[in-house]
Amino acid sequence: MSLASPVKKGYVRPLDLKHGRVDMGHGAGGRAMAQLISELFAAAFANEHLDRGDDVAVLPAPAPGDRLVVATDAHVVSPLFFPGGDIGCLSVHGTVNDLAVMGARPLYLAASFILEEGFPLAELARIVQSMAHASREAGVPVVTGDTKVVEQGKGDGVFITTTGVGALPAGREIGGANARPGDAILVSGTLGDHGMAIMAQRESLAFDSEIASDTAALHGLVAAMLEAVPTIRVLRDPTRGGLATTLNEIATQSGVGMDLDEAAIPVHPQVAAACELLGLDPLYVANEGKLIAICAAEDAERLLATMRAHPLGQRAARIGTVTADPNAFVQIRTAFGGRRMVDWLSGEQLPRIC
Amino acid sequence: MKYVDEFRDGALAAKLAEAIAREADPGRRYAFMEFCGGHTHAISRYGVTDLLPANVRMIHGPGCPVCVLPIGRIDMAIRLALARPDVTICTYGDCLRVPASDGLSLLKAKARGADIRMVYSAADALALAQKMPDREVVFFAIGFETTTPPTALVLRQAQALGHANFSVLCNHVLTPSAILTILESPEVRELGTVPLDGFIGPAHVSTIIGSRPYAFFAEEYRKPVVIAGFEPLDVMQAIRMLIRQVNEGRAEVENEFTRAVTPDGNLKAQAIVSEVFEPRRSFEWRGLREVPYSALRIRGPFAAWDAEAKFGLEFVSVPDNRACECGAILRGVKTPTDCKLFGTVCTPENPMGSCMVSSEGACAAHYNYGRFRDVPVVAGMTR
Ligand code: SF4
């Protein structure tokens with residue numbers, strides 16, 4: 001993202017952020033692009049690395065012994081704005097959380113925008129502001145970036161890819177393959193809020209209530225958790241595919257089974273009601289501000305207390321136990337008193353008819 | 001989970017389970033078919049099987065509209081959408097993934113450029129046609145008696161408002177004929193060879209057609225029918241009522257779902273349906289083959305809104321895999337694990353037969369929710 005604008009102030013009209021629209025010129029590498037970058041992106045994300053205006057960010061090496069972790073995530077969400085957030089803050093939180101659940105300290109973000117010709121600059125500005133706010137709040141600056149414009153009809157308004165760099169302290173080993181029989185399974189709060197907020201908005205379902213996305217950066221919560229229990233074995237953010245998919249991934253990676261207690265799994269009543277209406281299972285609905293933690297049984301209570309003491313973990317709950325099962329089956333005791341599997345989803349979860 | 005309401009109360013379920021265990025005669029076996037996919041879903045989703053004594057077995061019937069839709073009908077929609085770029089196909093989400101011929105599905109056809117959209121109701125499809133006057137909008141209608149009245153309504157509306165760019169590809173099917181086919185199958189007819197001791201009657205379907213259409217099965221075939229709601233406690237209560245009937249040698253139609261079902265059903269809805277639709281002489285069901293008078297087609301006065309007539313669509317039958325045991329499973333003669341293809345060749349990602357298509361089908365329900373029971377070491381696990 002080159003910032004040195006060849007545009008001399010006073011000779012050009014500033015970007016019309018109120019009524020203007022993205023046009024092909026904003027991606028053509030000329031004056032219009034330079035203007036977009038300096039007046040919108042650079043102004044919003046301003047920090048010492050980005051402000052240098054080079055095409056790369058030059059960053060200090062991490063502390064001796066730390067390892068570098070990198071994560072990248074493309075964000076394509078429709079609608080772009082939803083109760084509780086928008087694609088901008090989501091693109092920050094998503095990548096920050098990918099780093100955080102490895103136990104890494106998120107340091108920097110790179111952002112790449114694909115804009116569709118005709119997209120209102122006012123909405124773009126809203127998205128960029130929200131992103132800048134999220135990145136400042138998380139303390140993880142956007143230090144470099146890129147912008148491309150595609151013809152009308154070839155994009156969905158805005159796509160954002162964010163890449164994050166973090167530092168992983170020596171000796172910290174958190175990973176999906178570490179779960180062991182007897183371990184406790186914890187979640188940080190109610191499930192399905194993000195996915196249901198999006199779906200309610202997209203299908204313009206007339207719910208009485210506002211279901212808001214839970215999108216949030218989790219590294220603060222993770223830091224507190226690791227301080228209380230440094231030996232946490234697995235952390236994962238159950239995004240697309242929800243809790244069910246994430247637990248199946250971990251069970252497969254670790255070669256263990258899982259035994260869940262449905263009555264203990266927190267679900268917001270409005271999310272449950274909306275799921276019911278659409279014939280969806282909240283266990284498979286996406287989250288953007290929740291995490292799953294697996295730790296030794298003896299550490300579970302301490303970890304749970306720490307989570308609950310944090311604003312993002314108030315409704316944390318212990319929802320089950322890791323079992324010895326070479327089939328890697330995730331099972332659940334239903335609130336009704338029976339048992340079933342919580343299997344991988346086949347395809348995308350679609351609303352049921354009849 | 002916090003939506004445990006009065007119909008899902010675990011403590012009540014435990015009490016009902018005790019009552020069922022008390023009433024079920026240990027000296028005999030009970031096999032009941034829940035016809036409807038909604039019940040199959042409730043049984044699997046809440047683990048109802050675990051609350052039943054070992055001698056009470058539930059058989060998952062053919063009542064999932066997506067599962068029984070023959071491949072050839074989806075092919076019709078896909079062929080139309082691919083051949084005519086001016087056509088938009090709208091359908092319920094469930095239909096999108098059903099595998100069709102040539103490795104396609106509506107979802108995959110969409111990826112190849114066909115304009116296929118998911119809607120929540122027939123009315124949404126008509127609204128789309130109004131919004132896009134220069135496109136041909138075709139509603140791919142599926143479902144049992146429950147979803148038929150809304151389709152009939154939009155057909156009437158389309159006619160009244162003169163929406164020439166809207167039409168319906170009608171795949172609506174009828175519950176009683178399917179039950180009849182199961183009872184008429186040779187295995188079930190020869191008394192004793194198939195343990196089918198009674199039916200749980202559909203919930204939503206019965207709100208439309210009422211409880212009367214089932215009287216015939218109870219009388220003619222000596223099979224008790226209990227109409228039940230879709231909540232797991234409804235299902236358990238119905239099972240208890242069926243056990244009682246069997247024990248007492250009765251075969252009657254009973255209604256557990258009195259909060260919604262009456263003997264005559266919804267007469268207004270029935271009138272609209274018969275104004276717009278008439279029975280097809282025969283219709284192919286996936287898993288049951290041709291079933292006489294088991295589906296509806298659009299009546300002559302509405303031919304201009306009948307996609308089959310409008311676009312000259314032909315049905316070509318496409319057989320399931322030869323090894324597929326769906327037919328036998330739907331009749332209660334076999335269970336999913338009796339099929340050689342189960343879980344190996346045939347999985348929810350790549351279904352070979354109808355029972356694996358939607359999670360309300362017998363094979364998919366067992367695969368997704370219950371296959372841990374097939375593995376001894378895991379089945380023995382307790383907490
Ligand atoms: S496992 Fe597949 S092939 Fe076998 S009966 Fe079931 S659906 Fe048919």
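Colleague: Which residue is the bridge partner of A:Arg333 in E13(A)?

Modeller: In this predicted model, in which local features require pLDDT of at least 70 and side-chain atom pairs pLDDT 80 or more, while totals for chains, interfaces and linings use all residues, the partner is A:Arg339. Residues are numbered from 1 along each chain as its sequence is written, chains are lettered from A and ligands numbered from 1 in the order of writing, and side-chain values use heavy atoms, without hydrogens or water.

Colleague: To which sheet do E9, E12 and E13 of chain A belong?

Modeller: They belong to an open sheet of seven strands with mixed pairing, in the order E8-E10-E7-E11-E9-E12-E13 of chain A. Strand E8 (234-236) and E13 are the edge strands, each pairing on one side only. The twist from one strand to the next averages 25°, where axes are lines fitted to C-alpha atoms, for helices over the stretch in contact, and angles between N-to-C directions run from 0 to 180 degrees. Within this sheet, strand E7 (184-187) and strand E11 (317-323) of chain A pair antiparallel over four bridges, and A:Val187 has A:Ala317 as its partner in E11(A). Helix H9 (300-309) of chain A lies across E7, strand E10 (292-295) and E11, at about 5° to E7(A); contact here means heavy atoms within 4.5 Å.

Colleague: Why are E1 and E5 of chain A said to stand at the edges?

Modeller: Four strands of chain A form another open, mixed sheet in the order E1-E6-E4-E5. Strand E1 (67-75) and strand E5 (142-150) each have a single partner strand, so one side of each is left without a neighbour in the sheet. Neighbouring strands of this sheet are turned by 15° against each other on average, direction ignored. E1(A) runs antiparallel to strand E6 (158-168), joined by nine bridges; A:Leu68 is partnered by A:Ala167 in E6(A). Helix H3 (87-100) of chain A lies across E1, strand E4 (105-116) and E6, at about 145° to E1(A). Helix H4 (121-138) of chain A touches E4, E5 and E6, and its direction makes about 10° with that of E6(A).

Colleague: What makes the meeting of A:Asp343 and B:Arg371 a salt bridge?

Modeller: The term requires a side-chain nitrogen of Lys or Arg within 4 Å of a carboxyl oxygen of Asp or Glu. The distance from N to O is 2.5 Å, so the pair qualifies. Two salt bridges are counted between chain A and chain B.

Colleague: How much area do chain A and chain B bury between them?

Modeller: About 3800 Å², 59% of it on carbon and sulfur atoms; buried area is the accessible area (1.4 Å probe) lost when two parts are put together, summed over both. Chain A contributes 40 residues to the contact and chain B 44.

Technical notes:
Two strands pair if DSSP finds at least two bridges between them. Helices (H or I, at least four residues) and strands (E, at least two) are DSSP runs, numbered from the N terminus.
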